[in-house]
Amino acid sequence: MGIIVGAMALFVVLSVFSGLKVFSLSFTNDIDPDLKINSVLGKSFLVSPEQEAAINKIEGLASYSKIIEERVLFTFDDKQEVTYLKGVDTNFGKVNDIKKIMYTGQWIEPNTYQVVVGYGLTQKFSLGLLDFNKQLEVLVPKPGKGNIENADQAFNKSTIVPVGIYAISEDLDSKYVFADLGLAQELLEYQPNQVSGIELKEKVGADENAIISKLQTIFKNKVTVKNRAQLNESLYKMLNTENIVVYLIFTLVIVVALFNLIGALIMMILDKKGNLKTLFNLGVEIPSLRKIFLLQGTLLSVIGGLIGLALGIAIVLVQQHFELIMLTPTLAYPVVFSLENVAIVMGTIVSLGFIASLIASSRVSKKLLE
């Protein structure tokens with residue numbers, strides 16, 4: 001029973017944390033690309049028509065989008081906020097599912113001063129869509145050297161029109177203001193082929209390492225190419241660390257349960273001492289006698305693990321399909337069934353059960369039988 005409950009609990013908890021991991025990453029996955037190119041030196045780099053043509057020929061790439069990201073100042077109705085202006089081209093919708101993140105309004109039209117703002121920013125500014133009575137302005141520091149004599153010399157300024165609101169999560173809803181790539185280049189005084197990054201979408205089953213290698217060749221190793229996990233390295237590390245810690249805690253629970261197995265086997269050895277002595281006198285060797293209890297303990301672990309795993313799988317599948325436990329009135333507690341968790345649980349139970357049985361069976365000795 002201890003092994004059954006331990007195996008069931010370990011599988012359910014691992015499935016819950018897998019669900020929480022998928023749920024947490026779903027927010028960043030909505031706005032982060034499969035691959036992203038950035039310059040090694042400086043904030044921006046030039047992309048030639050030949051390089052674009054070479055990118056288009058890479059096998060496994062579905063699409064790519066040129067972008068510009070820069071922290072700038074936004075002002076509205078005597079309120080100010082510093083956040084990222086993200087200039088995107090017309091291919092951005094092919095790389096990221098913008099329809100999924102749109103809360104209300106529409107996406108920006110090319111070659112316009114339209115912008116899409118985050119839900120968090122609209123709350124901070126008390127900002128509405130197509131509000132022509134109050135103007136949303138963006139101010140970008142001018143590049144160059146020398147003393148600044150007045151504010152007009154220090155900033156490139158432009159009036160922009162919010163036409164849409166996106167909503168992802170509390171942290172990301174104030175991070176970006178999406179604008180047309182041309183507007184961002186104008187404000188930053190960039191050249192037409194100058195960008196701060198390129199976001200790429202892979203085809204299903206594409207060889208990511210081969211794509212990264214070809215991109216480095218195209219840009220002569222003057223760029224960094226990061227995948228989604230590397231773009232959110234700290235988040236992935238935190239989630240993986242939590243998973244490992246929870247696994248170790250529940251493994252400790254199973255270890256405690258297996259002490260009962262050791263005790264039960266030792267009691268059985270003492271109970272069957274007379275039978276063991278008879279077998280020993282008939283010529284059965286000590287290692288063979290030990291194998292009896294080693295096999296019994298291992299079978300107890302395997303059978304208990306399978307029953308516990310079956311119960312755990314049933315609980316997880318019921319939660320997945322019927323959403324019995326809710327986090328909020330509209331959000332079910334996230335769980336994910338995966339064969340990896342099945343293998344981890346069975347591997348843990350069988351390994352620890354074998355070690356426990358080995359410890360208990362070692363009590364069978366010539367001295368005990370004498």
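**Close-up views of a predicted model**

Lys36 stands opposite Glu199 of strand β11.

View 1. The model is predicted: local features need pLDDT of at least 70, side-chain atom pairs count only at pLDDT 80 or more, and totals for chains, interfaces and linings use all residues. Residues are numbered from 1 along each chain as its sequence is written, and side-chain values use heavy atoms, with hydrogens and water left out. Helices (H or I, at least four residues) and strands (E, at least two) are DSSP runs, numbered from the N terminus. Strand β1 (residues 35-39) pairs with β11 in the antiparallel sense through four bridges; two strands pair if DSSP finds at least two bridges between them. Strand β3 (residues 61-76) also runs antiparallel to β11, and six bridges join these two. Ser63 has Lys201 as its bridge partner in β11. Of the six residues of β11 (residues 197-202), five are buried, where buried means under 20% relative accessible area, exposed over 50% and partly exposed in between (1.4 Å probe, protein chains only).

**View 2. Helix α1 against helix α12.** The axes of α1 (residues 2-29) and α12 come within 7 Å and cross at roughly 40°. Axes are lines fitted to C-alpha atoms, for helices over the stretch in contact, and angles run from 0 to 180 degrees between N-to-C directions. The two helices are therefore oblique to each other; angles under 35 degrees count as roughly parallel, over 145 as roughly antiparallel, 65 to 115 as roughly perpendicular and the rest as oblique. Contact (heavy atoms within 4.5 Å) involves residues of α1 including Ile3, Phe11 and Ser15, and residues of α12 including Leu300, Gly304, Gly308 and Val316. The residues of this contact divide into 13 nonpolar, six polar and no charged. Ala, Val, Leu, Ile, Met, Phe, Trp, Tyr, Cys and Pro count as nonpolar, Asp, Glu, Lys and Arg as charged, and the others, Gly among them, as polar. The crossing of α1 with α12 is right-handed; a crossing is left-handed if the near helix is turned anticlockwise from the far one by less than a right angle, and right-handed if clockwise.

**View 3. Helix α1 against helix α13.** Helix α13 (residues 339-361) packs on α1 at an angle of about 150°, with the axes 10 Å apart. That angle makes α1 roughly antiparallel to α13. The crossing is right-handed. Residues of α1, among them Leu10, Leu14 and Ser18, meet residues of α13, among them Asn341, Val345 and Ile349.

**View 4. Helix α11 against helix α12.** Helix α11 (residues 273-281) and α12 (residues 286-322) pack at about 145°, their axes 10 Å apart. Leu276, Leu279 and Phe280 of α11 make the contact with Ile286, Leu289 and Phe293 of α12. These residues divide into six nonpolar, no polar and no charged. α11 passes α12 in a right-handed crossing.

**View 5. Two loop residues with positive phi.** Asp77 has phi near 50°, a positive value in a residue other than glycine. Asp77 lies in the loop between β3 and β4 (79-88) and is partly exposed, with a relative accessible area of 38%. Lys220, also not a glycine, has a positive phi of about 55°. The loop between α8 (208-218) and β12 (223-227) holds Lys220, which is exposed, with a relative accessible area of 64%.
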